[in-house]
Amino acid sequence: MKKALTICLLFISFLSFAMPRVVTGTIKDATTMLPIESVSISAQNSNLGTISNSEGKFRLVFSDDLSAIQFSHLNYQVYAYVLKTGETEVEIFLEPKSFQLNEILVRSKPVKELLSDAVAVSKKKLEKSILLNTYYREFVKVNQEYTRFSDGLLDYNVKRKSGASDLYVKQCRAKKLTEEPTDERAKNSESFYLYDVRDAVEQAYNFKHLHRILNSKSYDFEIETKTDDKGNSIEIVTILPKEGLELPLYTGTVVFDVKTKLILEIDVKMSPEHKMYAFDVNIVFLRFKMYEDGRKSSFRIDGDKYILVYNQNKLNAYINFKGKFDNTFEFMSDMVVSDYQEGEFDFDRSKRHKEKSLFSAGNHFTEAYWKTQNVILLTQEEQKVLETLH
């Protein structure tokens with residue numbers, strides 16, 4: 001009897017040890033007290049992670065044997081927070097990095113070539129034979145009104161350095177306006193989606209948007225080196241449209257590590273001064289005019305590994321597909337890598353997700369993963385949007 005009781009207690013102890021722990025919180029600038037967006041949050045000594053939303057809020061789910069959480073952002077000091085026993089909610093204050101004054105550097109290559117080199121090095125370093133566990137979400141607006149939302153826990157089985165991968169949907173949900181479309185044009189409009197969820201990793205891996213900019217003669221490039229008080233240096237390349245060009249051009253920044261030449265962050269969008277020259281394609285059965293186009297990606301150097309952390313796309317366009325629909329669409333997608341495993345994986349390829357939109361997968365979930373897993377938390381405004389959908 002005593003032996004059985006001992007085994008039972010050990011079993012209960014094991015279950016308690018293995019139970020996941022959930023911590024939520026808000027991250028703020030220690031100087032301004034303003035929330036910090038896109039902070040990378042990870043459980044120390046593991047691959048688990050997430051990011052903060054635009055309100056600085058986050059939730060991290062991890063095993064109870066891990067007691068410290070690391071917070072990192074390009075503009076702030078890396079901070080490791082040791083959790084107290086039973087602590088479930090935290091408020092984190094990050095100290096802005098102190099950067100040394102820049103010296104005037106004589107560079108051996110033009111800035112454009114330096115950025116091209118960083119793209120090439122980054123593409124080569126990105127991991128293949130890796131399984132990325134992600135949280136993905138997509139919002140759609142039609143004529144400035146939200147029409148649908150979907151999100152899910154997705155696995156991308158990456159097989160090549162291009163990011164080409166098979167997509168497997170583990171859990172998902174879909175929400176749309178209560179009113180069902182009554183006419184064919186409205187149904188066509190509701191089912192239309194421009195981004196392809198299957199290509200979300202490949203899009204971040206292949207840097208195609210940067211390639212198009214680098215291959216164009218319509219841009220100037222400026223570079224700034226920043227070195228923090230620990231001697232770590234980054235290069236910040238600013239992409240600038242050349243003056244006097246009446247073209248739909250982009251602007252933004254690309255940040256890469258000086259030592260490794262690996263890209264850490266990309267933030268590029270259509271230049272506000274050039275929106276009036278947006279692409280206006282008008283052919284026999286289609287008219288397409290783009291008003292907004294923005295992409296963000298972030299990566300991290302994890303020991304000797306180089307890992308995708310986050311990818312975001314936003315696009316606003318007028319599309320007249322003759323006989324189908326005539327609307328202005330806004331598409332927004334976010335993907336965060338919450339965990340990863342290396343190696344070869346044997347999946348049943350017949351179960352791959354085969355549609356462009358995650359919305360088509362419908363509602364298939366075994367838990368309220370949006371409350372229990374490492375996801376991008378909804379902002380107050382986004383939560384209100386979901387409450388109008390069903």
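Let's start at E224, which sits in strand β11, residues 219–227. (Strands here are DSSP runs of E with at least two residues, helices are runs of H or I with at least four, and both are numbered from the N terminus.) E224 is partly exposed, its relative accessible area being 35%. On that scale, buried means under 20% relative accessible area and exposed means over 50%, with partly exposed in between, using a 1.4 Å probe and protein chains only. Look across from E224 and you'll find E235: the two are 11 residues apart in sequence and 5.7 Å apart in space, C-alpha to C-alpha.

A word on what you're looking at. This is a predicted model, in which local features need pLDDT of at least 70 and side-chain atom pairs count only at pLDDT 80 or more, while totals for chains, interfaces and linings use all residues. Residues are numbered from 1 along each chain as its sequence is written, and side-chain values use heavy atoms, with hydrogens and water left out.

Now zoom out. The chain has 7 helices and 18 strands, and 47% of its 390 residues are buried. Take the contacts (heavy atoms within 4.5 Å) between residues at least 6 apart in sequence: 65% of them join residues at least 24 apart.

On to the sheets. Two strands count as paired if DSSP finds at least two bridges between them.

A second open sheet is made of 4 strands in the order β3-β2-β5-β6, and here the pairing is antiparallel. The edge strands are β3 (49–51) and β6, each with a single partner strand, so one side of each is left without a neighbour in the sheet. Neighbouring strands are turned by 20° against each other on average, direction ignored. Between β2 and β3, which run antiparallel, there are 3 bridges, and S40 stands opposite I51 in β3.

Next, a hairpin. Strand β9 (residues 145–158) runs antiparallel to β10, and 11 bridges join the two. D155 stands opposite Y168 in β10. There are 6 residues between the strands of this hairpin, and G163 takes a positive phi near 90° there. As for β10 itself (residues 165–176), that strand is mostly covered, with 9 of its 12 residues buried.

What does S333 touch, leaving aside its neighbours within four places in sequence? The contacts are Y136, R137, E138, Y193, Y195, N311, Q312 and N313.

That leaves the pockets. On a 1 Å grid over the protein atoms alone, a pocket is an open set of points with protein on both sides within 12 Å along at least five of seven lines, whereas a cavity is a set where a 1.4 Å probe fits but cannot get out; lining residues have an atom within 4 Å of a point. Grid points are joined across faces, edges and corners, and a volume is the space filled by probe spheres set on the points.

The largest pocket has a volume of about 1,300 Å³. It is lined by 44 residues, of which S72, H73, L74, L264 and F299 lie nearest its centre. Several strands supply at least two lining residues each, among them β2 (40–43), β5 (68–73) and β6 (76–82), but β16 gives the most, with 7. By class, this lining has 16 nonpolar, 17 polar and 11 charged residues. (Nonpolar covers Ala, Val, Leu, Ile, Met, Phe, Trp, Tyr, Cys and Pro; charged covers Asp, Glu, Lys and Arg; the others, Gly among them, are polar.)

The second largest pocket has a volume of about 650 Å³. Of its 31 lining residues, E37, Q312, K314, M332 and E382 lie nearest the centre. This lining divides into 9 nonpolar, 8 polar and 14 charged residues.

Methods. Axes are lines fitted to C-alpha atoms, for helices over the stretch in contact, and angles run from 0 to 180 degrees between N-to-C directions.
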